[in-house]
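I opened the model to look up a few local details. These are my notes, in the order I took them.

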Amino acid sequence: MVAGKDVCLRRLAGGVRAREVRFNRFLGNARVTAERIIESWSAGTMTAAEGRHVLAIQDTSEINFATTAERRRGLGEIGHGNGRGVLLHPMLAVDAESGSCLGLLSGQVWTRKGRRTVSHDLRDLSDKESQRWIATALAARPLLAKAAMVTALGDRESDIFAFYASAAEQYFHVIARSMHDRKLADRSELYATGEAMAVADRRSIVLPARAQRAQRVASLELRFGAVNLARPQSRLLRHLPESLPLTLVDVRETDPRAGTEPLHWRLLTTHPITKTEEAWRIVEWYKRRWLIEQFFRVLKTQGFRLEDSQVGTAERLLKLVAIAAKAAVITIQLLQARDGRDHQPVRLAFDTSEITTLAAFNEKFEAQSKRLRNPHPPDSLAWASWIIGRLGGWDGYPSSKPPGPITMKHGLEYFHAAATGWSLRDVCMP
């Protein structure tokens with residue numbers, strides 16, 4: 001999947017029917033489960049996270065598979081009931097300081113089993129899809145036992161009182177974008193309290209490009225202060241503390257471009273903040289959330305085209321999505337490794353035989369030009385990324401634009417074809 005940037009079994013099999021059948025049998029094996037595959041996501045991530053401040057970034061994405069009334073494939077409704085598909089909720093481990101993707105941690109993948117008849121407000125949290133924010137964070141916490149610090153980070157859907165409470169119990173931090181204008185312990189309202197806070201600073205930040213938004217510079221005002229959230233008035237939450245002390249960081253755009261929706265983030269965090277620079281640091285950490293959106297783009301239409309898969313049943317599609325998630329994060333790691341800003345080990349993405357093949361290619365490239373050398377240590381992912389970029393057509397010079405996703409895709413395709421051929425060197429053909 002990483003090499004072909006695809007999840008269509010027929011295309012990945014290269015027209016070889018036996019290979020396609022074997023992989024379908026793998027997906028259909030009852031002992032192969034989506035849960036077991038998700039458990040394997042963190043292999044390598046735990047070691048990479050040691051001693052770091054880890055941002056554990058989570059989000060949910062819907063993957064829409066084409067169906068007909070006669071061929072639903074066991075898929076439940078998504079969106080507003082006008083589509084059928086699978087929901088994926090992964091958690092990425094990201095270095096808070098460098099922004100490097102350390103790998104996947106935990107998550108859930110599921111398809112809905114029909115519409116709920118009981119009102120959302122009358123169901124316990126454990127009976128709601130929103131429980132995934134807490135369950136995923138709790139599953140990841142022991143995997144990050146050797147991290148220096150852990151901050152769970154999410155968008156507006158993660159604005160859940162029980163989520164903040166669980167962070168206090170499990171000794172990790174939270175940054176979440178506010179969705180609700182909550183009551184505070186003194187019966188005032190959160191948003192009015194934020195409006196009353198004095199402007200602490202003004203600064204311009206770069207907002208990365210997204211699917212329907214170009215990269216731009218935003219001029220922001222910063223406000224911050226301590227708040228004490230009151231527990232929501234629900235009998236289902238009476239086991240939680242009556243109030244929780246948090247910090248509100250309010251950033252808003254003051255001079256947006258015409259036709260551009262102004263940025264306004266109300267960020268709630270368990271991190272104590274007493275200085276302006278500490279508040280800006282929360283904003284910078286929240287900006288790292290963009291990486292999980294890039295992950296979803298690689299996984300879907302702009303990368304692996306997961307929606308195109310014709311796997312026949314929901315059970316097998318859940319497994320395919322779990323496998324494709326791992327392939328997507330490897331692709332992101334290779335793209336990030338281009339500049340060598342963080343020393344990720346080469347074994348994060350390549351096995352021993354493939355590393356030998358990479359070394360042979362590296363020797364060939366360096367022999368072609370005495371002045372052009374791979375600048376990265378040979379045990380690093382950056383070293384491998386430099387070689388893959390060269391195989392994809394990049395010239396390797398520091399002054400040139402670094403290889404992008406398409407160049408890396410071509411390089412990986414060429415590399416894996418060559419690696420497969422090299423693995424057959426000792427096979428005797430009668």
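**Entry 1: a buried arginine**

I started with Arg216, which is buried because its relative accessible area is 6%, under the 20% cut-off. I note that the model is predicted. Arg216 belongs to strand S9, residues 216-230. I looked for a polar partner of its side chain and found the side chain of Glu253, in a polar contact of 2.6 Å with Arg216. Then I listed what Arg216 touches, leaving out residues up to four places away in sequence. The list holds Ile205, Val206, Leu207, Glu253, Arg257, Thr260, Glu261 and Leu263.

**Entry 2: strand S11**

I moved on to S11, residues 264-269. Five of its six residues are buried, so the rest of the structure largely encloses this strand. Next I checked its pairing. S10 (residues 243-253) runs antiparallel to S11, with six bridges between them. In that pairing I looked up Arg252, which stands opposite His264 of S11. S7 (residues 173-177) is also antiparallel to S11, joined by three bridges. Here Arg177 sits opposite Leu267 of S11.

**Entry 3: H2 against H10**

How do H2 and H10 pack, and at what angle? I read about 105 degrees, with the axes 9 Å apart, for H2 (residues 17-28) and H10 (residues 314-336). H2 is therefore roughly perpendicular to H10. From H2, the contact uses Phe23, Asn24, Phe26, Leu27 and Gly28. H10 supplies Arg316, Lys319, Leu320 and Ile323. I sorted the residues of this contact by type: five are nonpolar, two polar and two charged.

Definitions and conventions. Residues are numbered from 1 along each chain as its sequence is written. This is a predicted model: local features need pLDDT of at least 70, side-chain atom pairs count only at pLDDT 80 or more; totals for chains, interfaces and linings use all residues. Side-chain values use heavy atoms; hydrogens and water are left out. Axes are lines fitted to C-alpha atoms, for helices over the stretch in contact, and angles run from 0 to 180 degrees between N-to-C directions. Helices (H or I, at least four residues) and strands (E, at least two) are DSSP runs, numbered from the N terminus. Angles under 35 degrees count as roughly parallel, over 145 as roughly antiparallel, 65 to 115 as roughly perpendicular and the rest as oblique. Contact means heavy atoms within 4.5 Å. Ala, Val, Leu, Ile, Met, Phe, Trp, Tyr, Cys and Pro count as nonpolar, Asp, Glu, Lys and Arg as charged, and the others, Gly among them, as polar. Buried means under 20% relative accessible area, exposed over 50%, partly exposed in between (1.4 Å probe, protein chains only). Two strands pair if DSSP finds at least two bridges between them. A polar contact is a pair of N or O atoms within 3.5 Å; within protein, one must be able to donate a hydrogen and the other to accept it, and residues adjacent in sequence count only if both atoms are side-chain atoms.
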